[in-house]
Each structure stands twice: as C-alpha cells, then as structure tokens.
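Student: I have a new structure to read. Can we go through some of the labels and ask what stands behind each?

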Amino acid sequence: MKLTVPHMGLLSNAYTKVLREHGVDMCPPPRPSINTMNLGVRYSPEFACLPFKINLGNMIEALEGGVDTILMPGGYGPCRFGYYGVIQEQILRGLGYHFQMTRTDNPDSLGDMVKTIRDISDIKSKWDGYRVFYLILMRMAVLDSVEAMYFKMKPREINQGEAERAFDESLKIIEKATGYMKLFNAYNKIKDIFRDVKIDRTLKPLKVGILGEIFVVIEPFANMDLQRKLARMGVEVVRGVWLSDWLNDRFRFKPLKPNQNRLSRKWASPYLKYPSGGESIESVGKTVKFYKEGIDGIIHIMPFTCMPELVASTILHRISTDLNYPVLSLTFDEHVSEVNLQTRLEAFIDLLERRRKNRLASRFNSQ
Amino acid sequence: MRIGIPQGLLYFKNGRLWKRNLNALGIEVVTSPETTEGILSDGIRHSVCDLCLPVKAFFGHVLALKDNVDCLFIPRVIRVEPDAFLCPKFIGLPDMVRAAIRNLPRIIDTEFNIKEKPEAVFWQEVRRELKGDRKMLLRGEAEAISTNEILRCAQNDRKRRNDKIEKDHRLQKFSEHKLTVGIAGRPYLVLDNYLNKGVVRYMNRLGVSVVYQTPEKNYIIETMSMLPKWIYWSMGKEVVSSVRRMLEDESIDGIILIANAGCGPDSFMTELIDGTLPVHKKPYMSLSIDEHLSDAGLQTRIEAFVDMIERKFKYN
C-alpha cells in the first residue's frame with residue numbers, strides 16, 4: 001500500500017519520516033508547482049476554491065507516480081473543506097484512476113486520528129498510536145518555530161542568504177529527529193544555528209501581519225511565496241495563523257500555549273460575535289490584536305470564493321477605516337499574476353514606510 | 001415601533017413566519033420592496049468584490065430599509081436542523097451588515113441554533129431583546145402572545161405547508177403550458193424575480209410552464225443516504241434532493257439548476273449532482289448567475305434548451 005496525503009505547507013515534513021519508520025509506505029506527492037495547478041484547475045468545478053484545486057492536482061500527480069491510497073482529512077464544518085474528499089474521489093474515479101480513498105471525517109477528535117494512524121501503520125497498541133501522533137504534532141510545532149525564526153532573522157541579516165541556509169539546515173536536522181529526545185536535541189541545535197546568523201540589532205524593520213485562510217497562508221505555492229517576498233524586501237513577517245496553533249487548539253500538546261481560537265473570539269467580539277467557520281474569527285480577532293501590538297499593517301489573504309474569509313474581509317474593511325489601520329486584502333486563484341502581486345506589495349510597503357516616517361516626524365515636532 | 005425585515009436571503013424561506021410572529025408581539029413589520037436594479041447596485045457599492053449576488057442584494061435591501069425603521073431583524077441563523085449548517089455567510093450576516101453599512105438602526109441579531117436551543121427559546125430571546133427598548137412595546141406588551149403560542153403557530157404553519165406539499169407536490173406552478181421545466185436552486189435566488197434574471201417570465205413567454213419545489217424531509221433523508229457523505233448545508237441538501245425529485249417526476253420534461261456564480265456550497269453541489277444522480281436521463285442544464293450576466297446570453301441558452309426538449313419530443 002503506497003499512501004499519499006496532499007501537501008499543506010511543511011506538514012509532510014512532520015509525518016513522512018515518522019510514519020515510514022512505522023511501516024507505512026509514505027509517498028508524498030511532488031511539491032505543488034505550475035503543473036499541479038494546471039492539472040487541478042482542468043478537472044475541478046469552476047468555482048471551487050484554490051486549496052481544492054491544488055490538492056486535486058497533487059493527488060493526480062501522486063497517482064501518476066504509482067500511489068494506490070489517498071488519505072484526505074474531512075469534517076462537518078460550514079466551510080467547504082469537509083466535502084473536498086468526496087468530490088475529489090468522484091472526479092478522480094471519473095478520470096479512470098484506481099485507488100483507495102481514506103477519509104478521516106472527524107479531524108477534531110483525537111481518538112479518530114489515532115485510529116487512522118493505527119489503521120494505516122503496523123502500530124499495535126493504542127498507547128503507541130498516541131505516542132506517534134503526538135510526536136508528529138511536536139515535529140510540526142518545531143517546524144513552525146523554525147519558520148518563525150527565519151522570518152525574524154531574514155530582514156535583519158547582514159550577510160545575504162545566511163537565514164535561508166539556516167532554514168534549510170534546520171529542516172534537515174528535524175528530518176532525522178524521530179523520537180522525543182532526538183527532537184528536543186534537534187530543537188536546541190536549531191536555536192544555536194539561528195543564533196549564529198549575523199544580524200543587525202539596531203535595525204527596526206517594518207512589521208507586517210499575515211492573516212487569512214490557513215492553506216493559503218502556510219502553503220508558499222498557493223500565495224506565490226508572499227511571505228518570503230516580503231522578507232526579502234526587508235519586512236518582518238508576523239504570521240497570525242500557524243498549523244501548529246490550529247492543531248494545538250484541538251489536541252493540546254503545548255499546554256502552556258493558550259487556545260488561540262478562544263482568544264481570537266474575545267478580541268473579535270466587537271466586530272464578529274460568532275465564528276463563521278474557517279479562520280474568519282482568527283482573521284478578525286488577530287487584526288485587532290496586531291493593531292494593539294503596534295504592528296504596522298495587515299495583509300489578509302484568501303482563496304477566491306472562500307466563504308468564511310469573505311465574511312472576515314468585509315469586516316476587516318470596516319476595522320481598517322475605524323482604526324485608521326492599513327489592511328491589504330489579497331485574493332488568490334489560478335489567474336493571479338506575479339507582477340501584479342509584486343506591485344501591490346511594493347505600494348503597500350511604501351505606504352507603511354511613509355506612515356511610519358510621518359508618525360516619527362509628528363512625534364518629533366510635538367516634543 | 002417599526003421593525004424592518006430585508007427582503008432577501010432567508011426571507012424567502014421564513015419571511016412569512018417571522019412577520020407573523022413579530023406582529024404577534026405587537027410590532028409593526030416593514031419589509032423592503034422587491035429587488036430592483038437600484039437596490040442591487042446600491043448593495044454592490046457597499047460590498048467587497050467577490051461576495052455572492054444574493055448577499056450583495058441583501059445589503060441593498062438593508063440600505064433601502066434603514067432610514068424608515070427603528071430596528072432591523074437580521075437573526076444570526078447558524079443551524080436550522082441539528083446536523084447541518086447554513087453557509088458561513090449566514091452565520092456572519094449581522095456582523096457583515098454592521099461592517100458594510102454605516103448609520104444603521106439597532107439590529108436584532110439573536111442566534112438561531114436549533115442544535116443548542118429550540119425555536120421557542122429563540123423567540124423568547126427575540127422578545128427579551130425587543131423589550132430592552134423602552135418605547136417599543138407600549139402596545140405590544142399588553143397584547144404579546146406567550147412564546148408557547150408563537151411556537152404552536154409555527155408548528156401549525158409548518159404542518160400546513162407540509163400538507164400542501166404532499167397534496168400537490170407542484171408547489172408553485174406558474175401557468176399551464178405544454179412543456180414543463182423544473183427549476184432547482186436556492187430559494188433566495190430562484191424566487192427573487194430580479195435576481196433570477198426573469199428566467200421564469202421568459203420561459204413562460206416561450207410556452208413552458210415552470211415548477212419549483214422543495215421536497216419533504218423524509219425524501220431529503222432518503223437522498224442523503226444515497227450519497228457517499230451527508231451534505232452538511234441545509235440548502236445544499238434541498239437543492240440535490242429537489243433535482244433528484246424532478247428527475248423521478250414523469251411530468252417534468254427538463255431541469256434547470258440555477259446557482260449564483262461563486263456560491264461556495266453550490267459549486268460542489270453541481271459537481272455532486274453530475275456525479276451521483278442520473279442526470280443524463282433528462283435534459284439538464286446548470287446556469288450560473290451573477291451581476292454581469294447579460295439578458296441576451298441567458299435568453300439564447302434558455303431558447304436552445306427549450307428547443308432541445310421540443311426536438312426530443314418530436315423525434316421520440
């Protein structure tokens with residue numbers, strides 16, 4: 001049985017090696033590319049959202065590569081994500097592929113996830129199932145912290161390319177860490193690596209918060225590498241949406257980290273009183289939080305026709321005028337051009353820079 | 001005290017019930033006029049670009065109402081049945097309206113979530129919220145019917161509606177013609193005479209009678225059991241099972257599925273219908289509607305569709 005799961009950011013780095021050690025023949029699909037997008041768009045419904053199309057393209061690529069089982073998470077939320085698996089299976093069967101589709105229709109429940117892991121691997125005891133599942137979660141958390149460190153270092157680095165090198169090296173170190181103790185040591189090593197990156201400590205780069213639909217935020221191909229682009233422009237990216245936070249809200253593997261969803265609900269309460277699926281409540285709540293923290297501006301990204309984020313986007317428009325706070329809403333689908341994105345980002349960053357300069361000037365004048 | 005109900009979205013499903021219950025509380029209910037070009041373009045001006053057409057029209061209705069009423073009735077409808085949601089935009093609707101439009105009167109945004117509390121509690125909460133306003137229930141307080149009575153009314157209403165559906169399942173047959181075409185889709189799009197771009201009127205002019213129907217609950221459950229996974233949108237369920245109903249109904253000659261462009265659930269429902277229901281048995285067309293759709297383009301497609309059905313009859 002050759003098993004594949006469509007890509008979602010760095011998630012495949014977290015589980016591939018661990019599950020391989022437990023007898024699962026994991027074959028992650030190739031990283032999303034233009035080819036993936038073209039395949040996905042060709043066979044998807046017209047108004048399906050971008051994650052659906054990229055996932056479908058990924059599945060087709062994996063099936064072409066000889067995979068015979070696909071694992072796709074599902075759900076029963078108001079967002080379309082829960083129904084992805086059904087429609088994708090139908091489309092792939094229509095294309096004449098022979099495969100088995102495993103849907104985990106309850107990704108919020110710990111028992112179901114552990115059961116899925118035990119079903120696909122040679123893990124016998126329940127205890128081992130929990131142990132492996134939590135190891136995957138911890139690896140995801142470490143991967144996320146690597147990315148966060150990268151975004152912090154990149155705009156401040158003195159020698160160009162050093163942060164990227166540290167990032168790549170860290171991924172390699174995490175790849176090898178397939179036990180709790182090894183992972184702990186790897187984490188310490190990664191912190192050392194990033195400490196060695198030479199940075200300019202006097203620099204105060206612009207800070208931009210990235211919020212929006214989780215797939216588009218964490219998958220660099222879906223957002224045209226927006227965050228690296230910003231980092232290369234000398235902007236510190238503060239991401240509000242992390243896959244490990246999403247997992248932590250459900251499975252509590254970082255007991256000290258508060259539940260982000262519940263916190264966002266508190267912050268968002270003057271504007272959005274009930275979470276309307278997806279990351280809408282995080283988008284609204286964290287915009288308010290980032291404003292209070294003094295982050296210079298927000299870029300809110302979502303796939304075209306995303307239902308929950310459209311609610312958030314309408315409300316962010318209002319927050320932006322009410323608080324006099326720059327919010328740039330970007331919609332991604334297969335037709336977005338890279339040049340257009342670059343121009344809009346540059347204009348936005350210029351605006352933020354001018355705002356900061358004016359603010360400093362006015363503070364200086366008033367003294 | 002005047003309370004306004006915008007004539008869009010869930011008005012087409014629950015409007016009459018809401019109106020009667022609010023009247024029973026002793027409040028004058030005002031509804032916005034039917035959708036016109038002006039209302040829609042007002043709404044479009046106040047919404048972000050990729051919102052769907054009915055929500056844009058809804059903003060227009062709110063704009064048309066807001067200056068003539070003391071408060072607006074836009075409940076936050078989360079679940080109308082225990083195992084299904086509505087589209088996320090319904091959950092965030094009061095907040096979206098508040099964010100998109102300025103200088104609004106008070107909005108009654110009581111939560112309607114049948115999983116957590118029954119309908120009676122919802123009306124109790126509406127009543128409590130309205131009472132908070134001192135001026136409001138001067139007359140109403142005396143006449144206010146107890147919530148139990150409201151619920152009884154609601155149940156009777158639903159029963160009557162179900163009886164009617166069972167008696168003749170052709171719930172809305174617009175006129176008698178030789179061909180009959182079934183229309184499936186969301187009520188707020190199909191029953192709104194402006195948003196459906198006059199499809200019904202145009203088909204009647206071509207000599208086709210149009211049928212719109214919502215199947216009864218048992219039929220929906222039966223349809224869901226045929227699918228690989230339960231649909232978790234209430235209206236999506238209705239769309240899929242009404243298409244199945246029309247496919248089985250001998251008296252219907254063709255089916256048109258109307259969805260608005262960019263509708264999240266319907267983008268999947270159309271695909272699901274194509275894959276799981278025997279749509280090749282009958283002429284079947286799916287139309288997607290948005291504000292840029294030209295009448296001429298739509299008319300050409302409908303004419304071609306009707307021609308196709310007629311030719312089928314001629315040669316069979």
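Tutor: Start with one pairing. A:P73 has A:T104, in β4(A), as its bridge partner. Keep in mind that this is a predicted model.

Student: What makes β3 and β4 of chain A a strand pair?

Tutor: Two strands pair if there are at least two bridges between them. Strand β3 (residues 69-73) and β4(A) have 5 bridges, in the parallel sense. So they meet the cut-off of at least two bridges.

Student: Which order do the strands of the open sheet follow?

Tutor: The 4 strands run β2-β1-β3-β4 in chain A, with parallel pairing. β2 (25-26) and β4 (100-104) each have a single partner strand, so one side of each has no neighbour in the sheet.

Student: Which strands does helix α3 of chain A touch?

Tutor: Helix α3 (residues 50-64) touches β1 (2-4), β3 and β4 of chain A. Contact here means heavy atoms within 4.5 Å. The direction of α3 makes about 165° with that of β3(A). Helix α4 (residues 84-94) of chain A lies across β3 and β4, at about 175° to β4(A).

Student: Why is the meeting of A:R239 and A:E147 called a salt bridge?

Tutor: The cut-off is 4 Å from a side-chain nitrogen of Lys or Arg to a carboxyl oxygen of Asp or Glu. The N to O distance for A:R239 and A:E147 is 3.2 Å. That is within 4 Å, so the name applies. A:R239 lies in strand β6 (residues 235-239) and A:E147 in helix α6 (residues 126-153), so the pair ties together parts 92 residues apart in sequence.

Student: How do you know whether A:R239 is buried or exposed?

Tutor: Buried means under 20% relative accessible area. A:R239 has 7%, so A:R239 is buried. A:E147, at 10%, is buried as well.

Student: What makes B:K13 partly exposed?

Tutor: B:K13 has 29%, so that is the label. The side chain of B:K13 meets that of B:E238 in a salt bridge, 3.0 Å from N to O. B:E238 lies in helix α12 (residues 234-248) and B:K13 in helix α1 (residues 11-24), so the pair ties together parts 225 residues apart. B:E238 is buried, at 16%.

Student: Which residues are linked with B:R98 in a network of salt bridges?

Tutor: B:R76, B:D95 and B:D109. For B:R98 and B:D109, the closest N and O atoms are 3.0 Å apart.

Methods: Residues numbered from 1 in each chain as written. Chains lettered and ligands numbered in written order. Predicted model: local features only at pLDDT ≥ 70, side-chain atom pairs only at ≥ 80, totals over all residues. Heavy atoms only, no water. Helix = DSSP H or I, 4+ residues; strand = E, 2+ residues; numbered from the N terminus. Axes fitted to C-alpha atoms, helices over the stretch in contact; angles between N-to-C directions. Buried < 20%, exposed > 50% of the residue type's maximum accessible area, 1.4 Å probe, protein only.
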